[in-house]
Amino acid sequence: MNQLLKWSIENSDTTRNDPTAATDPKAERQDWPSGRGLNQEAIKSLMGGPSDAELMKQSMEAIQLSDLSLENKMVAFDNLEQLIENVDNANNLASLGLWTPLKAQLANDEADMRRMAAWCMGTAVQNNVKSQERLLAVDAIPTLVKLALEDPNEQVRRKAIYALSSETRNYPPAMKDLVQALPEEIRPGGTVDAGDMDEVDRVIDVIKKASSKGSS
């Protein structure tokens, strides 16, 4: 694991900060250095050919190590996020038992850890009903709502909103939970159609506005 982290640090942007206000991570990455990224073949060669599932488990183990530097944990989180851009890998979060420790990072004292946990969740559930079901099952929506509205770090709030947006699109059970978790003053009346993107956008826009006001 130390070799993996060392290699990743040397081949990634170690000062990784969100460069834009976009809630879509693909948009953020357009401005990142071209050399940054997870080189799957190099890592597999370095580690003796582990599977993506093994890399995912190793990443989560690194994220949870108390004696590992924040910089190295960011590398591990970055690797995990890129691995779960693959739908099959995202769905393997459940079989590998990684949803619960991922949710736990939403409560981390470090803002960057909360940010990356929300980002990973948003990536995993985007257009992926199996992962949407798992995020709902670990009851992460109330925590994400709290982060979206109250976290002192702007980037954490944005990533929490991104995760909520991805989780609720075309998935009515998640939208129902989101509506129930919202404070009464911004809770929409009636049922929100999760399959109507205009309706979903209106709910997310309300959260964005409340998030901005809460930070001022």
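Student: At roughly what angle do the axes of helix α8 and helix α11 cross, and within what distance do they come?

Tutor: Happy to walk you through that. Two packed helices are described by the angle between their axes and the distance between the axes. Keep in mind that this is a predicted model. Here the axes of α8 (residues 111-125) and α11 (residues 154-168) come within 8 Å and cross at roughly 20 degrees. Angles under 35 degrees count as roughly parallel, so α8 is roughly parallel to α11. The crossing of α8 past α11 is left-handed.

Student: Which residues of α8 and α11 meet?

Tutor: On the α8 side look for Ala111, Arg114, Arg115, Ala118, Trp119, Met121, Gly122, Thr123 and Val125. Their partners in α11 are Gln155, Val156, Lys159, Ala160, Tyr162, Ala163, Ser166 and Glu167. Sorted by class, this contact holds nine nonpolar, four polar and four charged residues.

Student: Now α4 and α5. Is α4 roughly parallel or roughly antiparallel to α5?

Tutor: Start with the angle again. The axes of α4 (residues 52-64) and α5 (residues 70-83) cross at roughly 150 degrees and come within 8 Å. Angles over 145 degrees count as roughly antiparallel, which means that α4 is roughly antiparallel to α5. α4 also passes α5 in a left-handed crossing. Among the α4 residues in this contact are Leu55, Met56 and Ile63, while the α5 residues include Phe77, Leu80 and Leu83. The contact of α4 with α5 has nine nonpolar, two polar and two charged residues.

Student: How do α5 and α8 run relative to each other?

Tutor: Their axes come within 10 Å and cross at roughly 5 degrees, so α5 is roughly parallel to α8. In α5, Leu70, Lys73, Met74, Phe77, Asp78, Leu80 and Glu81 take part, and in α8 they meet residues including Met113, Met116, Trp119 and Cys120. By class, the contact of α5 with α8 has nine nonpolar, one polar and five charged residues.

How values were computed: Residues are numbered from 1 along each chain as its sequence is written. This is a predicted model: local features need pLDDT of at least 70, side-chain atom pairs count only at pLDDT 80 or more; totals for chains, interfaces and linings use all residues. Side-chain values use heavy atoms; hydrogens and water are left out. Axes are lines fitted to C-alpha atoms, for helices over the stretch in contact, and angles run from 0 to 180 degrees between N-to-C directions. Helices (H or I, at least four residues) and strands (E, at least two) are DSSP runs, numbered from the N terminus. Angles under 35 degrees count as roughly parallel, over 145 as roughly antiparallel, 65 to 115 as roughly perpendicular and the rest as oblique. A crossing is left-handed if the near helix is turned anticlockwise from the far one by less than a right angle, and right-handed if clockwise. Contact means heavy atoms within 4.5 Å. Ala, Val, Leu, Ile, Met, Phe, Trp, Tyr, Cys and Pro count as nonpolar, Asp, Glu, Lys and Arg as charged, and the others, Gly among them, as polar.
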